[in-house]
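Thanks for making time this morning. I would like to walk through the open spaces and the nonpolar packing of one protein, and I will keep to what the coordinates can tell us.

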Amino acid sequence: IFSRVDPEDKLRIVNLLVEQGEVVAVTGDGVNDAPALKRADIGVAMGRIGTDVAKEASEVVLLDDSFPTLVEAVREGRTIYQNLRKTVLASITTNMAELAVVLLGLVAVSMNNWAIPMLAIQILAIDLIAEIMPLTALTFDPPGENIMTSPPRDLSAHIMNRSASTEVILLGFLIGGLAFVNFALFMFREGITLTVDKTDTLMYARATTISYLTIAYCQFANVLSRRHERASIFAGDFWSNRTLLWSIVFSIGLTLLAVYGPFIHRWLAFARLSVVDWLYVLGAAVAYLVVFEAMKFGKRLNARRGAVAVE
């Protein structure tokens, strides 16, 4: 505890803490606080009694001079960052899935003369019909219970670090692989081969519809599971973000309208599916959710082992 500290000593204290790798926040209201406010990672000035010099040197101004307000601001900032990270990773995972199914389709075209498993307009329909509303609702996810007890994140860390990039690539290719496998299994079930010269048939429309719905419904599972980095989707707060749940329900309705509605399915080159087709689509979504939850279970085990090792 320091009392009656000179401005030079305040700045020296902040410098020492920063050199030790600490994330430093400084509060102040006077002219003599300005150097320390400027040097800190976050300078917080008082809005009512603070001087103009202190406010100019700070990143945050407390309009009501209340420290509980500062705590709420920290909570809100952490929540925004966490939700932004969830949304970015979920979105890039789907983009990776779309890339994967296209790459696998090109390989099949070159090797077996198979038709492309998804059309370009159907890829766009994933973003417009099945993805945009759940991703938007994910940004309104409430904060977790440990959001204020966890340490500050590394200032040099990025959302797309090595671990996150590896996870996104693996999960994206898993979704794309499931869509391609469902496309191939449809041909095997029907005893046909959809080649590049048979893309105007009803069977091809059914096959691409299955690929589209596989990616769309896997993305619904992906968004739900992305709410927690390590905790299970069934951790106990499943119903806490009702906006997200309703957005998924509405998006599912839009996919059904796109497949079964008049005029729209023709424009998007969709065809109506049988009950068996839907079982393969839903089975792929469940399989993806199981794999994702297994990965998070592995993260929890590693975290527990690390905690035991530290103790």
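How much space lies in the second largest pocket? About 220 Å³, and please keep in mind throughout that this is a predicted model. That second largest pocket is lined by 13 residues, with Tyr-217, Ala-221, Leu-224, Ala-285 and Leu-289 nearest its centre, and by class its lining is made up of 13 nonpolar residues, with no polar and no charged ones. Helices α7 (202–225), α8 (242–260) and α10 each give at least two residues to that lining.

Turning to the largest pocket, we have about 1,800 Å³ of space and a lining of 49 residues, of which Arg-78, Gln-82, Ile-147, Ser-150 and Pro-151 lie nearest the centre. Two or more lining residues come from each of β2 (42–46), α4 (67–112) and α10 (275–310), and the largest share, 10 residues, is supplied by α4. The lining of the largest pocket divides into 22 nonpolar, 11 polar and 16 charged residues.

Now to the packing. The largest nonpolar core has 54 residues, and among those with the most contacts inside it are Met-118, Tyr-212, Tyr-217 and Tyr-288. The largest share of this core, 13 residues, comes from α7. If you look at Met-118 and set aside residues up to four places away in sequence, you will find that Met-118 touches Val-101, Ile-123, Ile-126, Thr-208, Ser-211, Tyr-212 and Ile-215. There is also a second, separate core of 10 residues, including Val-14, Val-26, Leu-37 and Ala-40.

Key
Residues numbered from 1 in each chain as written. Predicted model: local features only at pLDDT ≥ 70, side-chain atom pairs only at ≥ 80, totals over all residues. Heavy atoms only, no water. 1 Å grid on protein atoms, 1.4 Å probe; cavity = no way out; pocket = protein on both sides within 12 Å on 5 of 7 lines; lining within 4 Å. Points joined across faces, edges and corners; volume = space filled by probe spheres on them. Helix = DSSP H or I, 4+ residues; strand = E, 2+ residues; numbered from the N terminus. Nonpolar A, V, L, I, M, F, W, Y, C, P; charged D, E, K, R; others polar. Core = buried A, V, L, I, M, F, W, Y, C linked by side-chain atoms within 4.5 Å. Buried < 20%, exposed > 50% of the residue type's maximum accessible area, 1.4 Å probe, protein only. Contact = heavy atoms within 4.5 Å.
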